[in-house]
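Subject: Structure handover

Hello,

I am passing this structure on to you. Please open it first, then read my notes below.

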Amino acid sequence: TSGHSITNNAQAGDFQPDWIIFAPRSNGDHHNVIDAVRGSDRRLQTNNTSAEQTDDPALFTFESNGFDIDTTDVNYNGSSRTYVAWQWKANGSGSSNEDGSINTTATSANTTAGFSISTFTGNGTSGATFGHGLGAAPKFVIVKERDPGGNNWMVGLDALGWTKYLALDSNQAVITSSARWNDTAPTSTVVTLGDDTGINANTATYVAYCFAEVDGFSKFGAYEGNSSADGTFIYTGFRPAWITLKEVDNADDWVIYDTKRDPINIADTVLRMDTNASEYSGSGREIDILSNGFIIRTSNATINASNTYAYLAFAEFPLKYANAR
């Protein structure tokens, strides 16, 4: 029924989310993204290159302790279907940031969690910059063209270097290109852009999600696989609640784990950011989530061949210490 209320539990802090990724678990529909800066009536999909879609009326309402689903659309609220919603807190709808050569339309920054959302209009100039509002250099940045659309989701990761990029909507291997980040690492105030149309076309509109590492809450990096069921241990310094892994050297999916769908080890229930495939659970994707990181428990090439893998990890909330499970 329309008006389905999803409430965050007290352990998560009863927070009002500013960025939500919705993923159907069982029926293979799109992974839809909404945020408080673009507005709850605007959605993008991580598994394709489509332009931003506008819903009138809005399909969602941000609430003080969660969100309401104001639709019976099967992508979000089909009877007896199962879903997951990953939520982050920024700082509301935000305001313009003028630190860069491009003034953002709005930037919403949560410096405690190291997360900001910015919208801006491109100028087609290599070396253009926009302000992210975090006060610390982002280690992980996502930029998506909103209009006209048709370009990949651009991903920059400090561990890979800013001469390279990944595409969130694609399983492609890492690509070297100065046209994305202008071979320039983000600073404590700005992100630098190239002139590729997917990241900075003149008059096109974009949204950027920027993440700085926060001790005890977030960690972004790379590890080397060993092709063994006794796999690599990745130290984060906290118990992750959400983990995404992506092979860098070859084409393979972005696989997502979380401690709500897998509350006990072994964690082997994955969704894939780059496809609308249904949730997969079973042999071949196993990891153990520990109090201070995670360890690979499979030799499957998606997460543990003798290759390089990118990882993104978040705790449930910004606290320095977490318990093992």
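Predicted model: local features only at pLDDT ≥ 70, side-chain atom pairs only at ≥ 80, totals over all residues.

**Core**

Start with the largest nonpolar core. It has 56 residues. Seven of them touch the most other members: Trp 19, Trp 86, Trp 88, Tyr 209, Phe 211, Leu 245 and Tyr 257. Strand S26, residues 308–314, gives the most to this core, with six residues. As background, nonpolar side chains tend to be buried together in soluble globular proteins.

Trp 86 deserves a look. Leaving out residues up to four places away in sequence, Trp 86 touches Trp 19, Ile 20, Ile 21, Ala 23, Trp 242, Ile 256, Asp 258, Arg 261 and Leu 271.

**Ring pairs**

How many aromatic pairs does the structure hold? There are 24 aromatic pairs. One of them is Trp 19 with Phe 211. This pair is tilted, with 5.8 Å centre to centre and 50° between the planes. Trp 19 sits in strand S2 and Phe 211 in strand S17 (residues 205–211), so the pair ties together parts that are 192 residues apart in sequence. The cut-off for buried is under 20% relative accessible area.

Phe 22 and Tyr 76 make an edge-to-face pair. Their ring centres are 6.0 Å apart, with 80° between the planes.

At 0% relative accessibility, Tyr 206 counts as buried. Tyr 206 and Ile 34 are 172 residues apart in sequence, yet 13 Å apart in space, C-alpha to C-alpha.

**Cavities**

The structure holds two cavities of 30 Å³ or more.

- The largest cavity has about 90 Å³ of space. It is lined by 15 residues, and Trp 19, Phe 140, Ile 142, Trp 242 and Met 273 lie nearest its centre. The elements giving two or more residues to this lining are strand S2 (19–24), strand S12 (140–147), strand S20 (242–247) and S26. By class, the lining has 13 nonpolar residues, two polar and no charged.
- The second largest cavity has about 30 Å³ of space. Its lining is Val 155, Gly 156, Leu 157, Leu 160, Gly 161, Lys 164, Tyr 165, Leu 166 and Val 174. Strand S13 (154–157) and strand S14 (164–167) each give two or more residues to it. Six of the lining residues are nonpolar, two are polar and one is charged.

The largest pocket holds about 910 Å³ of space. It is lined by 37 residues, and the closest to its centre are Asn 8, Ala 85, Trp 86, Gln 87 and Lys 260. Which element gives the most to this lining? Strand S8 does, with six residues. The lining divides into 21 nonpolar, nine polar and seven charged residues.

**Backbone details**

Two cis peptide bonds are worth checking. One runs from Asp 56 to Pro 57, with omega near 5°. Pro 57 is in the loop between strand S5 (53–54) and strand S6 (60–63). Another joins Asn 265 and Ile 266, with omega about 5°. Ile 266 is in the loop between strand S21 (254–258) and strand S22 (269–272).

Two serines have positive phi. For Ser 80, phi is near 70°. Ser 80 lies in the loop between H1 and S8. Its relative accessibility is 75%, so it counts as exposed. For Ser 227, phi is near 60°. Ser 227 is in the loop between strand S18 (218–224) and strand S19 (233–235). At 39% relative accessibility, Ser 227 counts as partly exposed.

Best wishes

Conventions: Residues numbered from 1 in each chain as written. Heavy atoms only, no water. Core = buried A, V, L, I, M, F, W, Y, C linked by side-chain atoms within 4.5 Å. Buried < 20%, exposed > 50% of the residue type's maximum accessible area, 1.4 Å probe, protein only. Helix = DSSP H or I, 4+ residues; strand = E, 2+ residues; numbered from the N terminus. Contact = heavy atoms within 4.5 Å. 1 Å grid on protein atoms, 1.4 Å probe; cavity = no way out; pocket = protein on both sides within 12 Å on 5 of 7 lines; lining within 4 Å. Points joined across faces, edges and corners; volume = space filled by probe spheres on them. Nonpolar A, V, L, I, M, F, W, Y, C, P; charged D, E, K, R; others polar. Phe/Tyr/Trp six-rings, centres within 6.5 Å; stacked < 30°, edge-to-face > 60°.
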